[in-house]
Amino acid sequence: MNLLIVDDEPVIRKGLVRMAEQYHSSLASIYTANNGVHALEVVQEYKPEIIFTDIRMPKMDGLELCRHIHEQYDHIQTVVISGYGDFAYAQQCLTYGVKHYLLKPVTKPDVHAILDKLLNKPVKGYIPISRYVEWMDQADQCIWSLDQEKLRKLVQQWKEDCFSTGMNALQCSELLKDCISMLERRLQARDSSFPRISSEYMGARTREEAFDFFERQLERIMDELSLKRNGRFKDPLEEAKAYIELHLSEEISLEEVAEKAGFTPNYFSSLFKKMTNETFVQYRIKRRMEKAQQLLAVPHFRIVDVAAEVGYEDYPHFTKMFKKVTGQSPSEYRAKLGIK
């Protein structure tokens, strides 16, 4: 089995080589490259079966290298080595067949464990980047909606996930520090005036200490968000309903409403259905028909104008929808009210 190590830092590159050389099942050959362009030349000449690559490099970075490997040498197994702060890049690597991701600082057990994994043996010490992204999405939504109970459960699950990998205290600290930074950036992207939380180095002696610090940081973020809202919790779902109400005559999309409420479309759709027992579309139709009934009770409003007021330029479609929801046509509804 031939291994190629790609990193633009000579010290790191040499360190990875030494770690790989000490692997209990000796590798046939270990090659090195200082950037993606050089790596492709080595691949073409020596045909390694495994590649360890950093993300950030000159000339051609790790992401671009992964793309070329995936398109031209899909039999090669690629391992991305980087910090969780670069998770956005690493997430893109998933589309290029990358299944393994090691967290800096990389140790000899990390390198040996991932080589075991590639040889179909159990591996410890790393969290799949896809799991990291999934957790970050969920935590972001919980914080934005000030759902402390759900966030507490998420943190507990994250703790179990990290501990199950055999991650050491230093790796836990680095991972959790990056989690805090990423959550802050996400909140600032939602609201540019969101205050920055000072992030001190988490030099925890144990994994438990690292998570204790992490939970305290999350509490501070929740407190800052609550204070920014002047202590008054704004229910994102109610904000979404209010936005729908203001735009009943327009063809707004679920994605647009989700963004206004500060949610991802998928999460918003699921939350909306869970809390209202209706889909976004069903709720909007219901509110349109309720408003139509109110307007139809005003004698001088023409039915065609009522239809336009609640977002239906197609009058026959409005009539059909109104009857489907209320059981009677607009004219029948008015007749029942004594309006001709």
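What follows is a short chat about this predicted model.

Visitor: How far apart are the end C-alpha atoms of helix H8?
Guide: Helix H8 runs over residues 169-190, which makes 22 residues. At 1.5 Å a residue, the helix should span 32 Å. The end C-alpha atoms agree with that, being apart by 32 Å.

Visitor: Is Glu-174 buried or partly exposed?
Guide: Glu-174 sits in helix H8, where 17 of the 22 residues are buried. The cut-off for buried is under 20% relative accessible area. Glu-174 comes in at 18%, so it counts as buried.

Visitor: Which residues does the network with Glu-64 join?
Guide: Start with the salt bridge between Glu-64 and Arg-67, at 2.5 Å, N to O. Both lie in helix H3, three residues apart. Salt bridges that share partners make one network out of Glu-64, Arg-67 and Glu-71.

Visitor: What is the relative accessibility of Glu-149?
Guide: Glu-149 forms a salt bridge with Arg-152, the closest N and O atoms being 2.7 Å apart. The two are about one helical turn apart in helix H7. Arg-152 is partly exposed at 46%, and Glu-149 also counts as partly exposed, at 43%.

Definitions and conventions:
Residues numbered from 1 in each chain as written. Predicted model: local features only at pLDDT ≥ 70, side-chain atom pairs only at ≥ 80, totals over all residues. Heavy atoms only, no water. Helix = DSSP H or I, 4+ residues; strand = E, 2+ residues; numbered from the N terminus. Expected span 1.5 Å × (residues − 1). Buried < 20%, exposed > 50% of the residue type's maximum accessible area, 1.4 Å probe, protein only. Salt bridge = Lys/Arg side-chain N within 4 Å of Asp/Glu carboxyl O.
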